[in-house]
Amino acid sequence: MAYSDKHKIILQTILHEEHNNVALVINAINAKLQHLNMAIKYINCEIDGKTYWILTNTVQDAIKGLYIGCSKAELDLLRNIYSTIASSSEGYVSSTWCLNLCSSLKVKLSKDNAQLFLNDMVEKKWLSWKVYFFYIILI
């Protein structure tokens, strides 16, 4: 995605309030977003080290799965993958482990369908793929 005038307008609006007040501006916006169970947050990417501002859901529930267009089984798989990556000292999980996890899900998911789903999550940048390992991009 190209850096457009829309990006510049948002950045200029935030910076107009001066650097010291950015947190206050974001907090005010988040107060308005709270009733929508959304928030603006910044994260540091574990892969490229860059800082990103994101709009995120603050409630974890099955409805969130509808937003990314996945089934209950796929959502359960994704949550298990995220949980394992977040708690591992390596910061990643193998693709083989992800596919083997399918047999332990409450709602069954075939390995073929799981592979298609994981490929889709990489394409949508919900996961990052590097030499047979998955990394979290966004939580």
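Two strands pair if DSSP finds at least two bridges between them. Helices (H or I, at least four residues) and strands (E, at least two) are DSSP runs, numbered from the N terminus. This is a predicted model, in which local features need pLDDT of at least 70 and side-chain atom pairs count only at pLDDT 80 or more, while totals for chains, interfaces and linings use all residues. Residues are numbered from 1 along each chain as its sequence is written, and side-chain values use heavy atoms, with hydrogens and water left out.

**Stop 1: the hairpin**

Select residues 38-44, strand β1, and residues 51-57, strand β2; they pair in the antiparallel sense over seven bridges. Next, pick out two bridge partners: I40 goes with L55 of β2, and N44 goes with T51 of β2. Six residues lie between the strands of this hairpin, where G49 takes a positive phi near 75°.

**Stop 2: helix α2**

Select residues 22-33. Helix α2 has twelve residues and reaches 16 Å from its first C-alpha to its last, close to the 16 Å expected at 1.5 Å a residue. The expected span is 1.5 Å times one less than the number of residues.

Which residues of α2 are buried? They are V22, I26, N30 and L33. Buried means under 20% relative accessible area, exposed over 50%, and partly exposed in between (1.4 Å probe, protein chains only). Seen down the axis of α2, the buried residues fall within an arc of 65°, so they line one face of the helix. The arc is that of the directions from the helix axis to the C-beta atoms. An α-helix has 3.6 residues a turn, so residues three or four places apart point the same way. Now select L24, A31 and K32, the exposed residues on the face of α2 turned away from its buried side.

**Stop 3: the largest nonpolar core**

A nonpolar core is a set of buried Ala, Val, Leu, Ile, Met, Phe, Trp, Tyr and Cys residues joined through side-chain atoms within 4.5 Å. The largest one has 20 residues, of which L77, I81, L109, F117, L118 and L127 touch the most other members. Helices α4 (72-87), α5 (95-100) and α6 (111-123) each supply at least two residues of this core. The most come from α4, which gives seven.

**Stop 4: cysteines**

A search of the whole structure finds zero disulfides, a disulfide being a pair of cysteine sulfur atoms within 2.5 Å. Select C102: its nearest cysteine sulfur, that of C98, is 8.5 Å away. C102 is buried, with a relative accessible area of 2%.
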